[in-house]
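Hello,

Here is the structure I promised to pass on to you.

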Amino acid sequence: MSQDALVKLITEKVMEKLNEQDEVLIPIGISNRHIHLCREDLNHLFGKGYELTKIKDLKQPGQFAANEVVTIKGPKGEFKKVRILGPLRDETQVEISISDGFKLGINPPIKESGKLENTPGITIIGPKGSVELKKGTIAALRHIHMTPEIASKLNIKDKDEVDIEISGIRRAILGNVLVRVSNNYDIEMHLDMDEANACCVKNGDLVRILEK
């Protein structure tokens, strides 16, 4: 069993035990800069008909990290080896942190995934070509995935915003945390690298939702 698979298994078992109690604790998943591609842009970057290859599954069912990487380039700088996450989407979306934006020379708005209106573009460079995006660069709004069963237990519904508490040496209360509810989700809170570093948290650390 790989180290990632072992960590996932242990986290799931701990979550099962903890959630048998009254309090629901939520594991953190930290998102580094990454990109979601549409079919048309994958064709331009890797060649017509190219298919992504999986390096590992992500916690959310059906989502995976691909072996393929690209370079993203802004007016002031670039990042190489930016991981592509699959499967393909209807629109290409680049997720970076606010700090990444300083190096790239881009000011990414904090947006819910998929809400790409009025967002800046960026250049994406692959092994077979490049794409000049007109829009699609965001800093993802921090959010929690959960199932309807857990949402019901917490008296929360899809699209609610909640406050959460992070324990530890950099104890913090984070507000405006979007909740996304679906039978297709596994419980997990997503933070970007800036947020995780500011609060000194790592993958699998647990947080709790504060009562309204």
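Let me begin with a charged pair: the side chains of K202 and D205 meet in a salt bridge, with 3.1 Å from N to O. By salt bridge I mean a side-chain nitrogen of Lys or Arg within 4 Å of a carboxyl oxygen of Asp or Glu. K202 is exposed, with a relative accessible area of 53%, while D205 counts as partly exposed at 23%. For these words, buried is under 20% relative accessible area, exposed is over 50%, and partly exposed lies in between (1.4 Å probe, protein chains only).

Before going on, a note on the source: this is a predicted model, in which local features need pLDDT of at least 70 and side-chain atom pairs count only at pLDDT 80 or more, while totals for chains, interfaces and linings use all residues. Residues are numbered from 1 along each chain as its sequence is written, and side-chain values use heavy atoms, with hydrogens and water left out.

The structure holds 13 salt bridges. One of them joins K80 and E78, whose closest N and O atoms are 2.9 Å apart; K80 is exposed at 58%, and E78 is partly exposed at 26%. Another links E195 with R142 at 3.2 Å. E195 sits in helix α5 and R142 in the loop between β10 (137-140) and β11 (143-146), so this pair ties together parts that are 53 residues apart in sequence. Both E195 and R142 are buried. There is also a network of salt bridges that links E23, E165, R171 and R208.

Helix α5 covers residues 193-199; helices (H or I, at least four residues) and strands (E, at least two) are DSSP runs, numbered from the N terminus. The C-alpha atoms of A196 and S31 are separated by 9.0 Å, although the two residues are 165 apart along the chain.

As for the sheet, six strands form a closed barrel in the order β1-β14-β11-β13-β12-β15, with mixed pairing. Two strands pair if DSSP finds at least two bridges between them. Strand β1 (residues 25-31) and strand β14 (residues 188-192) pair in the parallel sense over four bridges, and G29 has H190 in β14 as its bridge partner.

I hope you enjoy looking through it.

Best wishes
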